[in-house]
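The entries follow in the order in which I looked things up.

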Amino acid sequence: MLDLFTIFTKGGIVLWCFRSTNQLFAPSVNALIKSERSGVYDHDGLSLQYKLDNEFELVFVVAFQKILQLSYIDKFLSDVHLEFRDRYKNDLRVDNRNYGDFEFTADFRRILERAEKWGRQQATMPKQMRSYEDSAKSKKTVASMIERKGEEKPPASKKSVKISEKKKVELADGDGVDSSSPKSSSNGPEPGDDLIMESRKKFAEKMMGKGGKGSKVEKQKSPKSPSQQQKSGKQMRVWDLGGNTKDLPNLDRSKDRPEDVKSDFTPNDQIIGSMRGGIQDLDVESDSEDYSEEDDDDEDEAYEAQRAKKQQSNRSGMFSMFKGLVGSKNLTLDDMQPALDKLRDHLIGKNVASDIAQKLCDSVAGKLEGKVIGTFDTIATTVKNTLNEALVQILSPKRRVDILRDCLEAKRVGRPFVMSFCGVNGVGKSTNLAKICFWLIENNLSVLIAACDTFRAGAVEQLRTHMRHLNALHPPEKHGGRNMVQLYEKGYGKDAAGIAMEAIRYANDSKIDVVLIDTAGRMQDNEPLMRALAKLIKVNEPDLVLFVGEALVGNEAVDQLVKFNQALADYSSSDRPHIIDGIVLTKFDTIDDKVGAAISMTYITGQPIVFVGTGQTYTDLKALNAKAVVHALMK
C-alpha cells in the first residue's frame, strides 16, 4: 500500500529506498523538504510524511496515495527509524561513516507487516470511553466543592445574571400594579410601606390641585369652532433638506456633470516623486530595545555570573525560565516542552493563529529532537535561533515578486498587465488599490481601474474620486497629454466578469499599461459570491490575484484564506485553477508589534506578502521586511 519509503542523509545521499511503482517521486520529496512542515504533507495526489534523526543526520520519508487513510504511519515510521539506527549505528557515526550497501529489505517488510496488522486491530477495537481521571471534574479537589457559611460565592454566569435581572424587573412591575389597587393596603407591613403611603398622599393632593385648576381654565376658554374640532392627530413634520422625488435628478451621482469634472483636490507636491522605483521596506516598531546578537551574549554572561553566586535569576523575557538547562547532551522532547509551551503562548499573544502556533512549535521540536548542544549553548539560545530561522524562511518569498519588471515586460509584448484584488468586506481593497495605482503612475505606467464592485453603494464614486485626485497629482501636461489614470465603469447591478473583460479589451486597444480590477467584498462562506469571483478570475485570467486582508485578525485569517483558495479551486472547473498569488496586508499601523497575522497568512497559502498598508495616504505603502517582522514577533 506504500508507494515509496526512502532513507537518506541531510546531505542528500540515499542510503536505502523502497519503491512499489515507477512513478517519479523527486518533485514531491523536494516539495516536502522545502516546506519543512510536520505531519502529513499533500503534493500531486500523494501524502508524504517524514521523520528526522538529528543525531545521525538522517531523514526517513514515506509516501502513499492521498486517497488512502493509513492509521499506522506514525508507528511504522518510528519502528523503522529505531530498527535502522540500532542496526547500522556503527556505520552511521560521524567519525566512522561507511556508506556501503544496507541490506534492510527483509527487516522493512517484517516491520511493515507488523504495523499493518496493528492498524487492522486498532480499526476493529471499539472506541473506549473517557476515564474519570481524564475528565475535568477529577482535577477538582474536595475542598473546592464544600460550601461554607460566610464565604463569597463565585460570580454567576452571564445567563444567570440575565435571568436574575429579568426577575427583578418583573417584581418591580408587580409592585407598581399592586400600589395602584386598594388591595395592596391589606398586605402585611413591609419596611417601605410608610414611604409608599406618604408618596401616594402627596401624589393624590397634587392631582386634586391640577384638577381644580383645569376646571377653571376650561370654563374661561371659549368653545372651539367646528373646523378646529375636525383637525385632530399629529401633523407630519417637514424636515429641512428632506428631499422628495423631484430631487432625485440632482442626487444622482452615477454620471459626471460639467461642474464635477474639475476636482477640488489640492495636490500635495511633496509626495510627488516619493515612490519612484521599488517600494520601501517596512519598519516595525517595538516597545522593547533593538535586538542584536550582543544582547544574547550579554544575557548568557549575566547568567553565568549569577550561577557562580548561586542566586536565582529574576530576569524577564520569553526564554528566561529555561536559561539554566545547559550541557552536552541530546535534546529530548521533555527537555524542550516547557520552552515550547511558553513559545506557543507567546505567539498566540502576538496574534498568530492557534493552529499555526502549535504547528510551528511542533516543527521546532522535530528539528531539535536528538540534536547535540554544546556546553556553552543554552536551550534558550538554541530554541530561539531555530524559531527565528523558521519564521524568516516562512516570510521570505518562495518566488520572485517584481511587479514593475512584469509590467514592463507585458508592455514590451504589447498587452496590459492585469491585477485582481479580492477579500472580505471592509478590509480596504479600494483604498490600497489607489495606493498601488499611485505607485505605478509614479513609475510612468498608465493605469485603468475596472470598477467591478457593482454591489456596494458608492463604490464606483469612491474610485472616481481617487481617479480625480491621482490625475491632479500627475496631470496630463506632465505626461505628454496622456491621462495616467482612467476609470472603466458600467454602473451597478451588472456582471462583474463581463465588465472586467471589457476593461481589459479597452486597455489593450488604448495601449494602457496596467489594469487594476476592484471586486466586491464577500464573506468566505457566501457560495454565490464566491462562484462569481471564481468566474471572474477564470474568464479573464489576470496575471496576479491579490488577497487583501487586514492585520487585525487572528484565527479568522486562516479561515478566510483557506476558504478563498478552496472556492477558487472548486468553482473554476479547470484542471489548473488560478488561486491566490500574493497577499496585501492592510491596517498594519494599528497593531503595534502584534504582527502574527503575517505569519498565519503566509504559512497557510505559501504565497508572499507583496504590499503592506500602513496608513490612509497614497504613500503609506510598504514592502514586507521579514527580519523586522520576526524581530517584533519575538520581543
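I began with helix α13, residues 379–395. Helices here are DSSP runs of H or I with at least four residues, strands are runs of E with at least two, and both are numbered from the N terminus. α13 has 17 residues and reaches 24 Å from its first C-alpha to its last, close to the 24 Å expected at 1.5 Å a residue. The expected span is 1.5 Å times one less than the number of residues. I found α13 mostly covered, with 13 of its 17 residues buried. Buried means under 20% relative accessible area, exposed over 50%, and partly exposed in between (1.4 Å probe, protein chains only).

A note on the source: this is a predicted model, in which local features need pLDDT of at least 70 and side-chain atom pairs count only at pLDDT 80 or more, while totals for chains, interfaces and linings use all residues. Residues are numbered from 1 along each chain as its sequence is written, and side-chain values use heavy atoms, with hydrogens and water left out.

Overall counts next. I noted 21 helices and 15 strands in the protein, and buried residues make up 39% of its 635 residues. Of the contacts between residues at least 6 apart in sequence, 73% join residues at least 24 apart; contact means heavy atoms within 4.5 Å.

I then turned to the open sheet of 5 strands, which has the order β2-β1-β5-β4-β3 with antiparallel pairing. Two strands pair if DSSP finds at least two bridges between them. β2 and β3 (41–43) stand at the edges with a single partner strand each, so one side of each has no neighbour in the sheet. The twist averages 20° from one strand to the next. β1 and β5 (residues 58–65) run antiparallel and are joined by 6 bridges; Thr-6 stands opposite Val-61 in β5.

Helix α1 (residues 26–35) packs on this sheet, touching β1, β3, β4 (46–53) and β5, and its direction makes about 140° with that of β3. α2 also packs on the sheet, touching β1, β2, β4 and β5, at about 40° to the direction of β4. Axes are lines fitted to C-alpha atoms, for helices over the stretch in contact, and angles run from 0 to 180 degrees between N-to-C directions.

Within α2 I checked Leu-82. Leu-82 is partly exposed, at a relative accessible area of 45%. From Leu-82 to Asp-53 I count 29 residues in sequence and read 9.8 Å in space, C-alpha to C-alpha.

Last, I looked up Ser-600 in helix α20 (residues 596–605). Ser-600 counts as buried, at 0% relative accessibility. Neighbours within four places in sequence aside, Ser-600 is in contact with Asn-351, Val-352, Ala-353, Ile-356 and Val-558.
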